[in-house]
There are 2 protein chains.
Amino acid sequence: MYHYMITISYDGSSWSGWQTQGRHVCLKPNTIQDNIELALAGIFGEPVRICGSGRTDAGVHALAQTADFFCKKQIKSKNFLSEINSALPETIRITSVREVPEKFHSRKSAVSKTYAYFVSLSEKPDVFLAKYLYNPYLPPVSLAENSAEEPDIKKMLDAAKILCGTHDFSAFTTDKTEKSHVRTVMDISIDTKTLSSGCKYLKMQFTGNGFLYNMVRILSGTLLETGYGKLTPEQVSSALKSRTRSNAGATLPSNALFLCSVEYPPYL
Amino acid sequence: MYHYMITISYDGSSWSGWQTQGRHVCLKPNTIQDNIELALAGIFGEPVRICGSGRTDAGVHALAQTADFFCKKQIKSKNFLSEINSALPETIRITSVREVPEKFHSRKSAVSKTYAYFVSLSEKPDVFLAKYLYNPYLPPVSLAENSAEEPDIKKMLDAAKILCGTHDFSAFTTDKTEKSHVRTVMDISIDTKTLSSGCKYLKMQFTGNGFLYNMVRILSGTLLETGYGKLTPEQVSSALKSRTRSNAGATLPSNALFLCSVEYPPYL
């Protein structure tokens with residue numbers, strides 16, 4: 001058997017997330033995983049199951065998600081990419097493929113993952129980026145009083161410092177299935193940028209050894225609420241210690257969340 | 001009466017072009033013009049007709065289209081932008097407003113216009129840009145034999161030199177209404193760029209004193225066919241002289257065409 005890792009870029013807007021939903025017969029694939037497995041089955045002439053580095057929710061995008069699979073035939077990288085990409089929808093693209101050791105596991109071998117969350121700071125965002133930005137002045141999750149209000153980045157960084165490190169992140173998830181809610185957040189960066197269109201946005205980037213269900217969206221909501229003065233860094237610290245979901249900030253919408261990369265040890 | 005010019009950015013993907021379609025009562029606006037006039041009527045409490053610098057077809061985008069209108073009330077720029085943008089859909093945005101002399105006319109006062117056409121040179125384009133790129137390997141307009149084939153930029157520039165200048169562009173339009181098909185193309189630039197995602201694209205940019213119906217899309221098709229060796233620069237020259245549509249290249253799809261800017265004399 002051969003063992004391959006693929007990296008995948010996708011616009012999640014029109015998909016029901018990464019993971020296959022149940023074991024029903026799917027006539028029209030509606031998840032990223034289903035689409036890739038269908039394309040692989042077309043190439044190999046038999047069902048191929050892929051194992052992703054983790055799930056992404058409906059509407060979440062990826063610049064470089066990873067997955068691995070076993071197959072009987074050896075792959076020629078260039079031909080394979082050409083063949084599979086022509087079988088995939090426009091919004092899903094395999095960007096690379098490489099052979100990996102038998103013991104490699106997309107999820108378990110990963111050292112860390114990096115996510116980014118994008119927030120519009122313009123009264124009305126760039127028309128070409130709007131669908132990828134969270135707008136804090138609009139429903140359903142409205143955090144800013146008015147469009148002139150800018151978040152206080154210094155306070156956000158103070159709260160980010162509190163959240164970095166190894167903690168029980170029970171206050172930052174709605175998960176009920178994982179054995180442990182302890183995770184390590186290695187880095188949080190917060191930057192603003194103004195594009196030539198005049199569109200200003202804020203980017204929050206998170207690197208951690210793993211993220212719980214909804215964790216990045218709740219971390220983003222908590223930091224942004226701190227920026228808008230709805231929470232103080234001290235309250236963020238208390239929320240973390242309380243391990244109670246209701247003490248942390250809002251779960252921001254999925255459309256502005258990107259899985260940027262999954263990091264592996266160099267020898268794998 | 002006050003007289004204002006607005007600049008407008010729009011993602012044309014979901015709209016039936018710029019111009020109001022006929023004089024029917026429109027319950028749900030389906031053009032850019034209709035949407036803006038509806039928003040202006042809401043602000044001024046009476047119908048306001050706008051005059052655009054020109055039409056853009058269904059699916060065509062704009063970074064900075066211009067239009068002007070007369071109204072009875074004076075506008076405060078910041079309030080006006082805030083109010084009108086919150087009334088407009090996410091895909092249409094007024095980026096600026098300024099008072100202009102009475103004699104100003106969005107179309108007639110314009111000195112030149114600049115359009116850009118984007119072509120994917122990757123086997124499969126970046127998933128976030130795919131809808132804004134023309135893919136020469138795919139139907140409905142398939143110009144390249146295979147995805148490994150790259151257009152010859154030097155030949156394209158040779159053909160571009162022939163097209164620059166003042167000519168009768170009858171071979172490059174399907175228009176039957178204009179009195180004259182003579183236009184001046186001041187500049188054509190052709191560049192390629194590779195993004196960090198690995199996506200490579202070609203940009204053709206056209207500046208002219210006016211463009212006929214479908215002219216930029218046919219110029220783009222003609223240049224690209226020259227790049228792929230389907231036309232020679234000599235044939236482009238003959239096509240121009242022939243004033244016969246069938247001698248020029250294909251009309252490329254609208255989704256990859258952007259109106260970049262409309263230029264006015266500094267005193268207006």
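Colleague: Is the crossing of α1(B) and α2(B) left-handed or right-handed?
Modeller: In a left-handed crossing the near helix is turned anticlockwise from the far one by less than a right angle, and in a right-handed one clockwise. Helices here are DSSP runs of H or I, at least four residues, numbered from the N terminus. The crossing of α1(B) and α2(B) is right-handed.

Colleague: What numbering and confidence limits apply?
Modeller: Residues count from 1 along each chain as its sequence is written, chains are lettered from A and ligands numbered from 1 in the order written. The model is predicted, and local features need pLDDT of at least 70, side-chain atom pairs 80 or more, while totals for chains, interfaces and linings use all residues.

Colleague: How is α1(B) oriented to α2(B)?
Modeller: Helix α1 (residues 32-44) and helix α2 (residues 77-87) of chain B have axes 9 Å apart (lines fitted to C-alpha atoms over the stretch in contact). Their angle is about 125 degrees, on a scale from 0 to 180 between N-to-C directions. Under 35 is roughly parallel, over 145 roughly antiparallel, 65 to 115 roughly perpendicular, the rest oblique. Therefore α1(B) is to α2(B) oblique.

Colleague: Which residues of α2(B) meet α1(B)?
Modeller: Contact requires C-beta atoms, placed from the backbone, within 7 Å. From α1(B) come A39(B), L40(B), G42(B) and I43(B). In α2(B) they meet E83(B), I84(B) and A87(B).

Colleague: Which residues does V119(A) touch?
Modeller: Residues up to four places away in sequence are not counted. That leaves L133(A), Y134(A), P136(A), Y201(A), L202(A), L224(A) and A256(A).

Terms used:
Contact = placed C-beta atoms within 7 Å. Helix = DSSP H or I, 4+ residues; strand = E, 2+ residues; numbered from the N terminus.
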